[in-house]
Amino acid sequence: MAHIVIDESKCKSCFICVGTCPKGLIKKSNRVSKLGDNLVEFKDENNECIGCAMCATRCPDLAIVEVHK
Amino acid sequence: MQVFSLPKSMKENCKYTFCPGCDHGIAVRLVAELLDELNLKGKTILAASIGCSVFLYDFLDVDAIEAPHGRAMAEATGVKRARPDKFVFTYQGDGDFASIGLAESTHAAIRAENLTGICINNTTYGMTGGQLGPTTLIGQKTTTSPMGRFKDTYGYPIKIAEHIALCEGTAFSARVALDTVAHINQAKKALRKAFQVQLDGLGYGFVEILSTCPTNWKMTPDEAHERVKNEMIPVFPLGIFKDVTEG
């Protein structure tokens, strides 16, 4: 099952991944980082992720550390 | 099946110190991936620059030598001539490469040094607070051009990739961007070519990477990428300007 792994300690809340995921599976979370910014969360209840890795390709902080197909 | 993982040439648990949304992080990752793929990790020496790009040696697990502002290509020349068996590259910003170090950068290409140069063009001096740089666009407001860049006062932005392509010793010169996934993939291809010309002993390999500086542009990361597409690429066209391996 395709999925991604996010390292929240690296996320700087730029939200580039939110606009990049073609399926809209990455969303702004209500949880906040140590810096007080909203984190992102990956929710794929209907198994829509195809493991295209576009989110990881565009993440400037290597916070998306793994993509599985 | 895992289709994406962190490059092995990056230091373990490294955390970028770049601003949120800065494209430097993507460029560093592409370099690390290529060091992995070309099996160069153990035989690479990096000549580090001054500016935001200086932090590369905190992130890449390679040996590095720090150069005074703009002189990375001069140091890299010395390193490569002393140790021609090593893979030597520089990673510089546009202010370091094309303003303060324009002489060193150009003459390394003219001498056909077997080096690879990577220049991150974000149209400003990012680390020092967003001053006018050599690539600042006409009309762009910076802290030292608060009314915008006027051509009569400040001149025109330098087109680095075209300039380096004119040097006879250049084997490869290209300009790429990181604003879309397609452009990131093209950037990796260009970087691979710039690495390969050095490995094949063909001469100077150079890639200019159009990048964002959301902090000093005072934009969100998404707005900054729109600016790359709408304002930077029309002035700095993407493409390969010299490639001695083609025809």
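1. Helix α3 (residues 72-82) of chain B has several buried residues, namely B:Ala72, B:Met73, B:Glu75, B:Ala76, B:Thr77 and B:Lys80. A residue counts as buried if 20 or more other C-beta atoms lie within 10 Å of its own, as exposed if 12 or fewer do, and as partly exposed in between, with C-beta atoms placed from the backbone. Helices (H or I, at least four residues) and strands (E, at least two) are DSSP runs, numbered from the N terminus.

2. On the basis of the model: it is predicted, so that local features need pLDDT of at least 70 and side-chain atom pairs count only at pLDDT 80 or more, while totals for chains, interfaces and linings use all residues. Residues are numbered from 1 along each chain as its sequence is written, and chains are lettered from A and ligands numbered from 1 in the order in which they are written.

3. The buried residues of α3(B) pack against β2, β3, β4 (87-93), α4 (94-100), α5 (102-110) and β5 (116-121) of chain B. Contact here requires that the C-beta atoms of two residues, placed from the backbone, lie within 7 Å.

4. In chain B, 7 strands form an open sheet of mixed pairing, in the order β3-β2-β4-β5-β7-β6-β8. Its edge strands, each pairing on one side only, are β3 (63-66) and β8 (239-243) of chain B. Two strands pair if DSSP finds at least two bridges between them.

5. Within chain B, strand β6 (residues 170-177) and strand β7 (residues 204-210) pair in the parallel sense over 7 bridges. B:Ala174 has B:Val207 in β7(B) as its bridge partner.

6. B:Thr44 lies in strand β2 (residues 44-48) of chain B. Why is B:Thr44 classed as buried? The reason is that 20 other C-beta atoms lie within 10 Å of B:Thr44. Beyond its neighbours within four places in sequence, B:Thr44 is in contact with B:Leu35, B:Val62, B:Lys86 and B:Phe87. The C-alpha atoms of B:Thr44 and B:Asp61 are separated by 9.5 Å, the two residues being 17 residues apart along the chain.

7. Between the chains, 20 residues of chain A are in contact with 20 residues of chain B. On the side of chain A that touches chain B, the elements giving two or more residues are α1 (16-20), α2 (54-58) and β4 (64-68) of chain A.

8. Pairing also crosses between the chains: β4(A) and strand β1 (residues 2-4) of chain B pair in the antiparallel sense over 2 bridges. Here A:His68 stands opposite B:Gln2 in β1(B).
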